[in-house]
Each structure stands twice: as structure tokens, then as C-alpha cells.
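Reader: I'm new here and want to know what the labels rest on. Could you show me the model, then take my questions in turn?

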Amino acid sequence: MSADHGIGDAGRIPGLPEPPVLGQAMLPPGTYQGKVVLITGGGTGLGKAMAVEFARLGASIVIASRDPAHHAAGLAAVNAVGGQAIAVGVDIRSTEQIAAAFDAAEQHFGTVDVLVNNAAGNFPVAAENLSPNGWRAVVDIVLNGDFFCSQEFARRCVAAGRPGAILNILVAYMHGGAPGHAHSAAAKAGVASLTETLAVEWAPDGIRVNALTPGLFPHEDHTQDMRSQRPEGYEAEWKRIPALRVGRVHELGWAATYLCSPYAAYLTGHNFVLDGAEHLRRGLRMPEFVPIRDQIPRRT
Ligand code: NAP
């Protein structure tokens with residue numbers, strides 16, 4: 001699927017190669033047989049793609065989010081690869097609802113072995129126009145939600161005397177700042193810090209805590225707010241990435257299955273960046289400065 005983008009010398013490979021096609025597993029069949037994986041926001045986008053790859057390796061999947069339409073989409077995607085899944089309605093801003101979601105998962109499949117903190121809220125807005133509600137909603141979902149889900153998960157692992165793995169999904173802009181995304185960048189930076197703290201606190205209990213930072217991974221579920229920032233479409237963004245291509249959601253799924261698997265048993269407190277070198281500087285000089293308020297429209 002690699003295309004000649006007209007960049008670089010004739011005859012050279014144009015950028016990083018495409019991964020093996022969707023449908024292959026990266027780990028041995030049955031790696032997750034008998035294991036239960038709860039994925040917040042598992043019915044859309046990257047969460048759904050990760051759910052599929054865990055299911056392909058035998059995991060029982062719990063899709064944890066609010067919208068019944070997203071539940072149906074996640075269940076259909078897992079069933080399509082022969083996996084089994086349930087969906088539980090939960091707003092991760094509520095600790096009561098988080099506990100109820102784990103109760104439901106345990107009643108159906110047994111103790112949860114892997115938690116993927118994938119759910120997030122985000123929208124572009126200049127910081128001076130960000131409402132208290134908007135700030136609190138994003139911080140509540142991303143930082144508070146990830147912490148309370150992790151705490152609930154760890155308490156239950158310890159009580160059951162079982163090991164576990166947590167995977168936090170981050171964003172590269174948590175380092176270096178993210179003009180127009182002050183809420184999301186601050187919340188994700190908090191989750192990065194939690195990844196390291198909780199890895200140390202819970203390693204003696206057999207619980208690993210890692211993070212996965214995706215670069216640009218287009219999918220069909222991007223919100224209108226997020227699409228508005230890329231008027232030429234997501235695929236056209238290959239020009240901005242040293243790899244000369246965007247990410248494929250199944251390669252993100254493979255990374256997630258590795259990081260939570262027994263093959264990564266000694267890996268904890270780590271942030272795995274999968275982005276075709278997108279987060280790295282391109283040269284000595286930065287692009288000309290354009291204030292963020294001139295780049296995004298004012299929200300009413
Ligand atoms: P997405 O499709 O917008 O998914 C967000 C998910 O979060 C939805 O399934 C939503 O489900 C769930 N959610 C939101 N608020 C919730 C709440 N209060 N309680 C429970 N669930 C909630 O986003 P995505 O692009 O797949 O991104 C997934 C993760 O990857 C995010 O953490 C994002 O920051 C990160 N990421 C994505 C990219 C990318 O290129 N796509 C790049 C870097 C990082 P409901 O509406 O059903 O609740």
C-alpha cells in the first residue's frame with residue numbers, strides 16, 4: 001500500500017513500510033485465552049481496534065462506555081472475529097458506575113485481568129475561551145476517570161490474589177504543550193505521571209502499569225470537532241509525518257496486546273510511542289509562529 005509521494009530520491013522506499021495486513025495476530029494464538037480485558041471507550045476508534053486484537057487472541061472483552069450505539073458497534077466488531085464480548089454502560093466520571101461496571105464484568109466473565117484506559121474527551125479551543133464545564137469534563141474523563149478505573153481494578157486484583165495489567169492511552173502532545181488543547185494535554189500529562197507512580201506502587205502486587213502513545217491513527221469514528229482540524233482529511237496528513245504514512249489501527253492493537261501480555265512480564269512504568277517519529281523535531285528551526293486564536297475558530 002506504500003505510495004510514491006514524490007519525496008526523497010527516486011528508487012528509494014517512500015517512507016516506513018506498511019505493516020502486515022489486518023487479520024493477522026502478532027502473538028501466539030490463545031495468548032489471552034481465559035483472560036478478561038476491559039476497555040473503556042471500546043466501542044469506537046482505537047478502543048474498538050484494540051478490542052478486536054485482544055479478542056483475536058482469545059480474550060473475553062468488556063466494552064465500557066456510555067452510548068448504546070457504540071456498544072453495538074464494539075460487540076459487532078469483536079463478534080466478527082469470533083470473539084466474545086459484553087458491553088456495560090458506564091460514565092467513568094462516576095466512581096459508583098465504575099464499580100458497577102467491574103461488578104457486571106465479574107458476574108459475566110470473572111475477574112478482569114487487563115484494563116485499557118482508552119476513553120477520552122477532547123475538542124479544540126483557545127485556552128481563554130475554555131469554559132469551566134469544558135475544562136472539568138475533559139479532566140474528569142481523562143485524569144480522574146483513568147485513576148478511578150485503575151484504583152478499582154487494582155483493589156480487585158489484590159483482593160482476588162491475581163496479577164493484572166493496565167494500559168493507559170496517552171497523546172504525544174502531553175510533552176511540549178498543545179495549543180488549543182490545554183485541557184487534554186494537562187489531563188494526559190497527569191495520566192503519564194500516574195503510569196509511573198502506580199507502576200512502582202503496584203509492582204509488588206503483580207500489577208503492571210504501562211502507557212501507549214499513538215501518533216495519528218485515522219478511523220471512521222473521529223468526532224466532527226476533531227475532523228474540523230484536518231480539512232484535507234486524516235489520510236492526507238502523511239505529509240507531516242517522517243514515516244510518510246499515518247498509522248493503521250490494527251498495528252496499534254498489536255502493540256496493546258504485546259504490552260499487556262505475559263511476554264512483557266518485566267515491562268512496567270513504560271510509555272511506548274507508536275507514531276512514525278511524528279513527535280520528533282524536523283530540523284533546527286521551528287515553523288513561523290501563528291497564535292492559536294488565529295488557527296481555530298472561537299467557540300460560542
Ligand atoms: P474516540 O473514537 O472519540 O473515542 C473516545 C471513546 O471514549 C468513545 O468510545 C466514548 O464512548 C468514550 N468515552 C468518552 N467519554 C466517556 C465517559 N465519560 N465514560 C465512558 N466512556 C467515555 O477517540 P479515539 O480517536 O478512538 O481515541 C482513543 C484514545 O486514543 C483516546 O484516549 C485518545 O486521546 C487517544 N489518541 C488517539 C489518537 C488518534 O489518532 N485517533 C492519537 C493519539 C491519542 P461513549 O461515547 O460510548 O461513552
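Author: Let's start with burial: a residue is buried under 20% relative accessible area, exposed over 50%, and partly exposed in between (1.4 Å probe, protein chains only). This is a predicted model, where local features need pLDDT of at least 70 and side-chain atom pairs count only at pLDDT 80 or more, while totals for chains, interfaces and linings use all residues. Residues are numbered from 1 along each chain as its sequence is written, and side-chain values use heavy atoms, with hydrogens and water left out.

Reader: What makes you say that α1 is largely enclosed by the rest of the structure?

Author: Count its buried residues: 11 of the 12 residues of α1 are buried, so it is largely enclosed. They are G45, L46, G47, K48, A49, M50, A51, V52, E53, F54 and A55. By the way, helices (H or I, at least four residues) and strands (E, at least two) are DSSP runs, numbered from the N terminus.

Reader: Which class does R56 fall into, and why?

Author: R56 sits in helix α1, and its relative accessibility is 23%, so it counts as partly exposed. The side chain of R56 also makes a polar contact of 3.0 Å with the side chain of E53. That term stands for a pair of N or O atoms within 3.5 Å; within protein, one must be able to donate a hydrogen and the other to accept it, and residues adjacent in sequence count only if both atoms are side-chain atoms. Further along the chain, H250 is 194 residues away from R56, yet their C-alpha atoms are separated by 11 Å.

Reader: What does R56 contact, leaving aside neighbours within four places in sequence?

Author: L22, G23, Q24, A25 and V81. Contact here means heavy atoms within 4.5 Å.

Reader: Why is α1 called roughly parallel to α2 rather than oblique?

Author: Axes are lines fitted to C-alpha atoms, for helices over the stretch in contact, and angles run from 0 to 180 degrees between N-to-C directions. Under 35 degrees is roughly parallel, over 145 roughly antiparallel, 65 to 115 roughly perpendicular, and the rest oblique. Helix α1 and helix α2 (residues 68–80) pack at about 30 degrees, with axes 9 Å apart. That makes the pair roughly parallel. Where they meet, K48, A51, V52 and A55 of α1 face A73, G74, A77 and V78 of α2.

Reader: What makes A73 partly exposed?

Author: A73 has 29% relative accessibility, so it belongs in the middle class. Not counting residues up to four places away in sequence, A73 touches G43 and K48. T44 is 29 residues from A73 along the chain, with 7.2 Å between their C-alpha atoms.

Reader: And why is α3 called oblique to α4?

Author: Helix α3 (residues 95–109) and α4 cross at roughly 40 degrees, their axes coming within 10 Å. At that angle α3 counts as oblique to α4. T95, I98, A99, F102, D103 and E106 of α3 meet G145, F148, C149, E152, F153 and R156 of α4.

Reader: How do you know that the length of α5 agrees with its residue count?

Author: Its 21 residues (182–202) should span 30 Å, and the end C-alpha atoms are 30 Å apart, so the two agree. Among the buried residues of α5 are H183, V191, T195 and W202. The cover over its buried residues includes α4 (132–160), β5 and β6 (207–214).

Reader: Is N168 buried or exposed, and what makes it so?

Author: Buried, because its relative accessibility is 3%. N168 lies in strand β5 (residues 164–169), and its side chain has a 3.0 Å polar contact with that of T195.

Reader: What about V36: buried or exposed?

Author: V36 is at 2% relative accessibility, so buried. It belongs to strand β1 (residues 36–40). Beyond four places in sequence, the contacts of V36 include S60, V62 and F109. A85 is 49 residues from V36 along the chain, and their C-alpha atoms are separated by 9.4 Å.

Key:
The expected span of a helix is 1.5 Å times one less than its number of residues.
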